[in-house]
Amino acid sequence: MDVVRAEGLEKRFGRKQAVAGVDLAVPRGAIYGVLGPNGAGKTTTLRMLLGIIEPDGGTRTVLGAAHPRQVSGRIGYLPEERGLYPTMRAREAIAFMGALRGLDWSEGRRRGVTLLEQAGLGHAAGEKIRNLSKGMAQLVQLLGSMVHKPDLLVLDEPFSGLDPVNQERLEQLIVGERDRGATILFSTHVMAHAQRLCDRIAVIAAGRRRFEGTVEEARALLPMRAHLVPRQGGPGLLPLLPSGARPERNGYAFEVPEEGIEPVLTRLIESGHGVAGLSVERPALHDAFVKLVREAEA
């Protein structure tokens, strides 16, 4: 059973159509990324899924419930807007967020200390939030969203504002929650995190879902790229390469044609130009994302 399912979700704010019919299906135990540029409708979609705002059209179910607030105790949520009480100490802030989801206060404090230690922040357990760096405070808020061991963890732009060290810590925490058995749904416009973490993704642009599938399926929307270094150059080399080949880094870069790279290599060898080096790679998720967004804008 899908943990989250949405069909035709729509939301309008005045004359602005923020979400114009989004479908999602988040399988149990997956890390699922909702990707899109700023203003694409990601946050609005997540808020409709959580029942924070009601959709104008479409349906949704979360953890089997048509009304998400009925299962709010089984959900952890890190909103895009960060906010903790500055005079609270880190372990109390985590316990407080757990108490809002029904967790016993003393158990929340105990789990809070354990989570902080696992995240490399054990030294900050007794520190007040106002004395922590922005990145540390953001991690504390994330730990607070998972202290009650939710079945579904929803994170809105969780990597925003974090330095590389804390981004890596956050990635480890997300993977740890998935390994525990939770389902993670997060939004981002940073493709590197999605490419490393996600089992499945959805790309939203201009209020609509433009793609849904695995990272590899998204990358396969674009042809593979090759970089070739011939043993010998000369004026007769370029006509042997696929159309669009261009000089790059002591060699030539081109898209691998549909018939594959082998015919290209055969022509080079038979002509005497030879091959001194060759690399072939699938375009990154970033490239597929840009393609999908530009198509949506067009």
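Biologist: Where is Met224 found?

Modeller: Met224 sits in the loop between helix H7 (215-219) and strand S10 (225-229). Helices (H or I, at least four residues) and strands (E, at least two) are DSSP runs, numbered from the N terminus. Before we go on, this is a predicted model: local features need pLDDT of at least 70, side-chain atom pairs count only at pLDDT 80 or more, and totals for chains, interfaces and linings use all residues. Residues are numbered from 1 along each chain as its sequence is written, and side-chain values use heavy atoms, with hydrogens and water left out.

Biologist: Is Met224 buried, partly exposed or exposed?

Modeller: Met224 is partly exposed, at 33% relative accessible area. Buried means under 20%, exposed over 50%, partly exposed in between (1.4 Å probe, protein chains only).

Biologist: Which residues form a nonpolar patch with Met224?

Modeller: Leu278 and Val280. The three together have about 220 Å² of accessible area. Patch residues have over 30% relative accessible area and no salt bridge; like charges are joined within 9 Å, nonpolar side chains (Val, Leu, Ile, Met, Phe, Trp, Tyr) within 5 Å. Areas come from the Shrake-Rupley method with a 1.4 Å probe, and for residues only the protein chains shown count as cover.

Biologist: Zoom out. How many helices and strands does the chain have?

Modeller: Nine helices and 13 strands. The C-alpha atoms fill a box of roughly 75 × 45 × 35 Å along the principal axes. Of the 298 residues in the chain, 48% are buried.

Biologist: Now charges. How many salt bridges?

Modeller: The count comes to 20. A salt bridge here is a side-chain nitrogen of Lys or Arg within 4 Å of a carboxyl oxygen of Asp or Glu.

Biologist: Which residue does Asp151 form a salt bridge with?

Modeller: Arg74, with the closest N and O atoms 2.7 Å apart. Asp151 is in the loop between helix H4 (134-146) and strand S6 (152-156), and Arg74 in the loop between strand S4 (57-62) and strand S5 (75-78), so the pair ties together parts 77 residues apart in sequence. Asp151 is partly exposed at 32%. Arg74 is partly exposed too, at 35%.

Biologist: And which residue pairs with Glu177 in a salt bridge?

Modeller: Arg180, at 2.8 Å between the closest N and O atoms. Glu177 is buried, at 8% relative accessibility. Arg180 is partly exposed, at 35%.

Biologist: What does Asp179 meet in a salt bridge?

Modeller: The side chain of Arg178, 3.1 Å from N to O. Asp179 is exposed at 57%, while Arg178 is partly exposed at 24%. Elsewhere, salt bridges with shared partners join Asp2, Arg5 and Glu7 into one network.

Biologist: Which residues lie nearest its centre?

Modeller: Tyr77, Pro79, Met97, Leu100 and Arg101, out of 21 lining residues. S5, helix H2 (90-100) and H4 each give two or more residues to that lining.

Biologist: How do the lining residues of the largest pocket divide by type?

Modeller: Eleven nonpolar, eight polar and two charged. Ala, Val, Leu, Ile, Met, Phe, Trp, Tyr, Cys and Pro count as nonpolar, Asp, Glu, Lys and Arg as charged, and the others, Gly among them, as polar.

Biologist: Backbone next. What is the phi of Leu63?

Modeller: Positive, about 55 degrees, although Leu63 is not a glycine. Most residues other than glycine have a negative phi. Leu63 lies in the loop between S4 and S5 and is buried at 9%. Lys149 also has a positive phi, near 55 degrees. Lys149 lies in the loop between H4 and S6.

How values were computed. 1 Å grid on protein atoms, 1.4 Å probe; cavity = no way out; pocket = protein on both sides within 12 Å on 5 of 7 lines; lining within 4 Å.
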